[in-house]
Amino acid sequence: MAQTQDVAGGSTVSDAETRSKKRSRAETDVTDASAPATPSATEPSGDIVGSHITETGGSSVSANASSSSVSNPEPPLSESYPPSESKPSLSTGPSGSITPPYVFSGPHPAPQSLTGPTDEVEDETDQDALEEQAAAEQAEEGSIVVDSDDLGTDDGYGTDTNTTASTSLAESVRDYIYENGRRYHRFREGRYSFPNDDVEQQREDMKHSMVKLLCGQLYFAPIGEQPHEILDIGTGTGIWAIEMGDLFPNANILGVDLSPIQPEWVPPNVRFMVDDIDWLHPRNYFDYVHSRHTVMAIKDWPKLIRRALEHLRPGGWFELQEVYHFPISANKTMAPDHPVAQYWSLINEGLSNLGVTFHAVANGRLADMMRDCGFVNVTERVLHIPIGTWPKNKVLKTVGLYWRTILIDGIQAIALGPMTRGCGWTREQVELFLVDVRKAYFDNSVLAYMPLHIIYGQKPVGF
């Protein structure tokens with residue numbers, strides 16, 4: 001598949017990005033084998049309903065005997081409510097500028113007749129291509145087709161693994177603190193309110209697999225085929241940096257994180273540093289700065305964006321990939337007292353008390369901050385991540401299965417810091433509350449999803 005992104009003053013997406021998408025899809029083929037099957041092989045999987053969302057509006061649900069489709073543009077979220085007094089409506093969510101849809105090459109021509117194994121493989125490949133195309137369009141347009149046969153409860157998930165090794169990671173301080181039975185970083189203690197133990201690391205790697213399956217690529221900014229210096233902020237387990245190192249063997253990839261939890265063996269062009277954010281390099285140094293899943297940790301977004309601008313070379317790109325962590329009900333059936341809604345309201349309250357703007361990605365605010373700081377060609381794309389297996393499309397069903405598993409596996413890790421440190425709860429109170437939340441996550445009937453915001457901008461050439 002090929003995708004082009006027209007950016008003022010930019011260029012056509014490189015072959016390297018195309019290779020990234022093909023590589024990502026090839027690596028996630030293993031996960032499809034463990035994903036739930038679509039209810040009927042004869043039902044169309046690419047039934048797209050809806051259009052791009054540019055202004056606020058309501059949502060609509062249409063159903064027939066076998067499937068429904070949801071078109072759900074979200075009205076902007078107001079964050080002026082006191083966190084402890086009221087909770088946001090589940091029918092609202094962030095809005096953002098949505099650029100033209102992904103551009104895909106058409107599916108391969110269907111074989112004239114199925115006369116042997118080769119024809120069967122080609123037909124299956126064609127169907128997979130249609131599923132991927134439909135998944136991307138539905139996720140970005142907010143028109144995910146509902147599988148009306150899968151609105152009950154379910155469980156299980158698949159995983160994929162990626163291993164690369166050649167050079168050992170330099171020794172760094174591996175010192176931790178333990179709280180409520182979970183392990184946290186000690187370096188600059190308290191800056192990040194979530195664990196870094198083995199269970200959390202596995203969950204972070206699953207998040208990486210989920211995002212690749214949804215997006216089909218590692219990055220969106222048009223960085224070209226020969227970037228030289230790449231910085232990954234909040235690298236976590238380092239899996240994104242490692243895969244970028246494989247994809248761009250001539251580039252130097254630096255991953256920075258508060259926790260020294262990266263693997264001992266990495267590609268020769270990849271290295272990791274234990275630090276808050278690495279601005280030790282001179283200004284005008286990096287070609288590309290990347291950050292994702294850091295909305296729970298960043299306290300001063302304008303400062304981060306300014307520093308990224310300063311340390312990028314003229315013409316370099318800064319990309320953010322952040323999830324809006326609050327469940328939105330596509331059919332508006334999730335009440336504010338739903339356990340999952342209560343859970344995320346408490347997380348927001350606790351992080352707010354700790355100085356973190358948890359909903360910073362809502363309403364296009366990060367994109368506006370990038371423009372205000374001086375970035376040009378700022379683009380924001382919003383993809384919907386389903387929670388659960390309610391989508392009809394096979395790819396989105398697997399994405400939803402991954403995302404729900406990620407949220408349930410991390411339910412304690414996400415809650416303990418904000419609710420004990422920020423809200424003053426005891427661990428026992430948190431654990432008791434989480435019992436109902438775990439059960440509520442399996443309610444497919446509310447058609448819950450979370451938006452993934454992908455925002456990137458370019459440093460002006462004359463800056």
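Q: At what angle do helix H7 and helix H10 pack, and how far apart are their axes?
A: This is a predicted model. In it, H7 (residues 339-353) and H10 (residues 411-422) pack at about 50 degrees, and their axes are 8 Å apart.

Q: Why give both an angle and a distance?
A: Because two packed helices are described by the angle between their axes and the distance between those axes.

Q: What do you call the arrangement of H7 and H10, then?
A: The angle is about 50 degrees, so H7 and H10 count as oblique to each other. The roughly parallel class is for angles under 35 degrees, and the roughly perpendicular one runs from 65 to 115.

Q: Is the crossing of H7 and H10 left-handed or right-handed?
A: H7 passes H10 in a left-handed crossing.

Q: Which residues make that contact?
A: From H7 there are Tyr343, Trp344, Leu346, Ile347, Gly350, Leu351 and Asn353. H10 brings Ile411, Ile414, Ala415, Pro418, Met419 and Gly422.

Q: How many of the residues between H7 and H10 are nonpolar, polar or charged?
A: Ten are nonpolar, three are polar and none is charged.

Q: What about H10 and H11, how do they cross?
A: Their axes come within 10 Å and cross at roughly 140 degrees. Angles over 145 would be roughly antiparallel, so H10 and H11 are oblique. Their crossing is right-handed.

Q: Which residues meet there?
A: On the H10 side they are Ile411, Gln412, Ala415, Leu416, Met419 and Thr420. On the H11 side they are Arg427, Val430, Glu431, Phe433, Leu434, Val437 and Arg438. By class, the contact of H10 with H11 has eight nonpolar, two polar and three charged residues.

Q: Changing topic: where is Phe442?
A: Phe442 sits in the loop between helix H11 (427-440) and strand E15 (448-458).

Q: How is Phe442 classed by its accessible area?
A: Its relative accessible area is 21%. Buried means under 20%, so Phe442 counts as partly exposed.

Q: How far is Phe442 from Ile387?
A: Their C-alpha atoms are separated by 8.8 Å, and the two residues are 55 apart along the chain.

Q: And the chain as a whole, how many helices and strands?
A: The protein chain has eleven helices and 15 strands. It has 463 residues, and 56% of them are buried.

Q: What share of the contacts join residues at least 24 apart?
A: Among contacts between residues at least 6 apart in sequence, 77% do.

Key: Residues numbered from 1 in each chain as written. Predicted model: local features only at pLDDT ≥ 70, side-chain atom pairs only at ≥ 80, totals over all residues. Heavy atoms only, no water. Helix = DSSP H or I, 4+ residues; strand = E, 2+ residues; numbered from the N terminus. Buried < 20%, exposed > 50% of the residue type's maximum accessible area, 1.4 Å probe, protein only. Contact = heavy atoms within 4.5 Å. Axes fitted to C-alpha atoms, helices over the stretch in contact; angles between N-to-C directions. Left-handed = near helix turned anticlockwise from the far one by under 90°. Nonpolar A, V, L, I, M, F, W, Y, C, P; charged D, E, K, R; others polar.
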